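Reader: I am new to this structure, and I would like to walk through it with someone. Could you show it to me?

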Amino acid sequence: MTDSSKRPLAVFDLDNTLADTAHRQHFLEGRPRDWASFFAAAPQDPPLAEGVALAVESAGACEIVYLTGRPERCRRDTLAWLAAQGLPEGRVHMRGNADRRPARFTKLEILRRLARNREIRVLVDDDELVCDDAERAGFTVVRARWAAKSTALEEAQEREGRT
């Protein structure tokens, strides 16, 4: 049962929703993929204006929650990046360092857990598979299509469970 006395949640993905990963996607193109460098470069991500504006606007009516496929070891850099962009404060849900399940599984699991006691007004994410599964589960979704697509990143999200 949701607690209607609390503001609803607006849930935002990070990579290619709020943060432009284009400058670091080359680390995923080779074999083996250079995950350490990919995540180490995240603090230099430029913000995506469309996503940032939507998060700021959503904060007027909702509590903001960040839901990312980034591993927990990236928490400090992620929190610093969010603050540096002037994004609203909010809880950050990250995958465990050893969790290699596809993002569509990890994110839907967290969304369902959050929805047990809070209304989720919207999920904003760029991953089409995450969006598809969230919609099938009854969540309202905004598909973040304002960043350039990366085949390497899409494959990593689905097959390697890294982001």
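**Rings in a helix**

Author: Gladly! This is a predicted model.

Reader: How are the rings of W35 and F39 arranged, stacked or edge-to-face?

Author: A pair of aromatic rings is described by the distance of the centres and the angle of the planes. For W35 and F39 the centres are 5.8 Å apart and the planes meet at 25°. Planes under 30 degrees apart count as stacked, so this pair is stacked.

Reader: And what kind of pair do W35 and F38 form?

Author: W35 and F38 are three residues apart in helix α1, so about one helical turn separates them. Their ring centres lie 5.7 Å apart, with 85° between the planes. Planes over 60 degrees apart have their own name, and the W35 and F38 pair is edge-to-face.

Reader: Is F39 buried or exposed?

Author: The cut-off for a buried residue is under 20% relative accessible area. F39 has a relative accessible area of 5%, so F39 is buried.

Reader: Which residues does R73 contact, leaving aside neighbours within four places in sequence?

Author: R73 is in the loop between β2 (63-71) and α3 (75-84). R73 lies 34 residues from F39 in sequence, with 9.4 Å between their C-alpha atoms. Beyond those neighbours, the residues that R73 contacts are F39 and N97.

Reader: Which element gives the most residues to the largest nonpolar core?

Author: That core has 23 residues, and A10, F12 and L87 are among those touching the most other members. Elements giving two or more residues include β1 (9-12), α1 (35-40) and α2 (49-58). With three residues, the element that gives the most is α1.

Technical notes. Residues numbered from 1 in each chain as written. Predicted model: local features only at pLDDT ≥ 70, side-chain atom pairs only at ≥ 80, totals over all residues. Heavy atoms only, no water. Helix = DSSP H or I, 4+ residues; strand = E, 2+ residues; numbered from the N terminus. Contact = heavy atoms within 4.5 Å. Core = buried A, V, L, I, M, F, W, Y, C linked by side-chain atoms within 4.5 Å. Buried < 20%, exposed > 50% of the residue type's maximum accessible area, 1.4 Å probe, protein only. Phe/Tyr/Trp six-rings, centres within 6.5 Å; stacked < 30°, edge-to-face > 60°.
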